[in-house]
Amino acid sequence: MRKTMEIKTQLLPHCVNISVFLLLVIRTSAQSLDYADALTKSLLYFEAQRSGRLPYNQRVTWRDHSGLTDGLEQGVDLVGGYHDAGDHVKFGLPMAFTVTMLSWGVIEYGEEIASAAEFEHALEAIKWGTDYFIKAHTSPNVLWAEVGDGDTDHYCWQRPEDMTTSRQAHKIDENNPGSDLAGETAAAMAAASIVFKETNPHYSHLLLHHAQQVFEFGDKYRGKYDMSVGVVKSYYASVSGYKDELLWAALWLYKATDNEDYLSYVIDNAHHFGGIGWSISEFSWDVKYAGIQIMASMLLPEVKHKEHRNIIRQYRSKAEFYICSCLSKNNGTNTERTPGGLLYIRQWNNMQYVSSAVFLLTVYSDFLSNTNQNLSCHGTTVTPEDLFTLAKSQVDYILGVNPNNMSYLVGYGTKYPTHVHHRGASIASYRVNKGFIGCTQGYDDWYSRPEPNPNVVIGALVGGPDRDDDFRDDRGNYMQTEACTYNTAPLVGIFAKLNQLTDLRLIASY
């Protein structure tokens, strides 16, 4: 799992952004990439990460039921949800961000996902998370934040089906606030409510009800969740604080309800909460500002937002700082690139920042294209195609167009990481060998084995190479070989879009 790092920020103004996509896909050189296969495999990954009682249609068959007593000690039902990475703690904040990004992908690219016959699987991935959030929200001002803890979990190397580690649950409430966790959970449920509005209106309404309550709780009782849930500090500490999550939640609630009160919240708190103050060069489970700024920018053309135009333009200015930084057009405050062209933020699990950048670049590219706009990065005109070109280059790097000729999406292509830092994948499947494997027995018998993992975590996006494009496929090299749900989540919709654009006739008509 990703430990806490510093945030890369700049308190500087910026210029303009870029986006859309076109001729790029024609540049499928000698190596033709199968984006439909990448899409299918990316959704399989979420089934490998499931906690709880697995359904009859579970496709990842090396997994079995796990965590069936989660919450029992505290008298609540917390069975279900996702493991975040290669261990078995259920961390609320990154799980919620994963669901928000899966939902946003379906909102933007649902038709493309459906045309690839993966729509139901995408909805199942979202619902596995939202069902858990509904359980975790046991009363208006109580939200269960975590099950298990990283310290005891990391002491053991076991399959989830054999877990002997602590499954103590931790919550936030009126006396132990966690506005960041509440905000992200509200955002996830609000975004998901949009996804299910047509196919399951009752469930959509239920999600929206919970989202509104959780947001009100987080806004009324303010505080950082890692101050209330101390066990999370070494793993998912809230470095950016909670103000970005409150803005993020309010924006998603506005999108889900069209209630002007939520938009007023985003406008009225724009300065105080940093929405139009921070210029950010990353978008992640912790730092939401770039996502907020991109979403707010897309409100600008709508006539009904005329009265808020000045503030929204300031949001757009910050959004375009992020875009121009990715494009290396920000006059010295640019995102680093590896020699092979990969966006590089930091050593530990860099791919999470790449996949989130790909999503924002593509969404903003669509927006610019649909509104017939270009960007200006410090006087340089940038087209929507420029944005999409960069986004596609990052996806292609992930899928194998890189100096190592290796796919970093596990199971895709002929060469990919085979020693993923993942407890369940690295030990013989419970369905094959039901013999109990103890806490340290996994370290003794499985962790250091030179052989590839016996189970392939298909669709997992590993942490990826370093700033020199070097990658060591070693189970102990967790900075590079561990995968996380929030790495893969932003790519689901993008794979679907690229798959559709691969048809040259569609590109010509686009």
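These are my notebook entries on a predicted model of a protein chain.

**Conventions.** I numbered residues from 1 along each chain as its sequence is written, and my side-chain values use heavy atoms, with hydrogens and water left out.

**Overall fold.** I counted 20 helices and nine strands in the protein chain, taking helices (H or I, at least four residues) and strands (E, at least two) as DSSP runs numbered from the N terminus. The radius of gyration is 21 Å, close to the 24 Å that the globule rule gives for 510 residues, so the chain is as compact as a globular protein of that length; the radius is taken over C-alpha atoms, and the rule is 2.2 Å times the number of residues to the power 0.38. I found that 62% of the 510 residues count as buried, where buried means under 20% relative accessible area, exposed over 50% and partly exposed in between, with a 1.4 Å probe and protein chains only. Of the contacts (heavy atoms within 4.5 Å) with a separation of 6 or more, 77% come from residues 24 or more positions apart.

**Aromatic rings.** I paired rings of Phe, Tyr and Trp (its six-membered ring) if their centres lie within 6.5 Å, calling planes under 30 degrees apart stacked, over 60 edge-to-face and the rest tilted. The count came to 26 aromatic pairs. One of them is the stacked pair of Y397 and Y408, at 6.3 Å centre to centre with 15 degrees between the planes. Y397 sits in helix α14 (residues 384–398), and Y408 lies 11 residues apart from it in the loop between α14 and α15 (423–426); both residues are buried. I also noted a cluster in which ring pairs link F97, W104, Y109, W248, W252, F283 and F359.

**A buried loop residue.** I looked up Q49 in the loop between α1 (35–48) and β2 (90–91), and at 1% relative accessibility Q49 counts as buried. Leaving aside neighbours within four places in sequence, its contacts include R63, Y82, H83, D84, H422 and T485.

**Positive phi.** Most residues other than glycine have a negative phi. I recorded D258 with phi near 65 degrees, in the loop between α9 (243–257) and α10 (260–268), and partly exposed at 44% relative accessibility. H378 has phi near 50 degrees, lies in the loop between β8 (375–377) and β9 (380–382), and is partly exposed at 32%.

Key:
This is a predicted model: local features need pLDDT of at least 70, side-chain atom pairs count only at pLDDT 80 or more; totals for chains, interfaces and linings use all residues.
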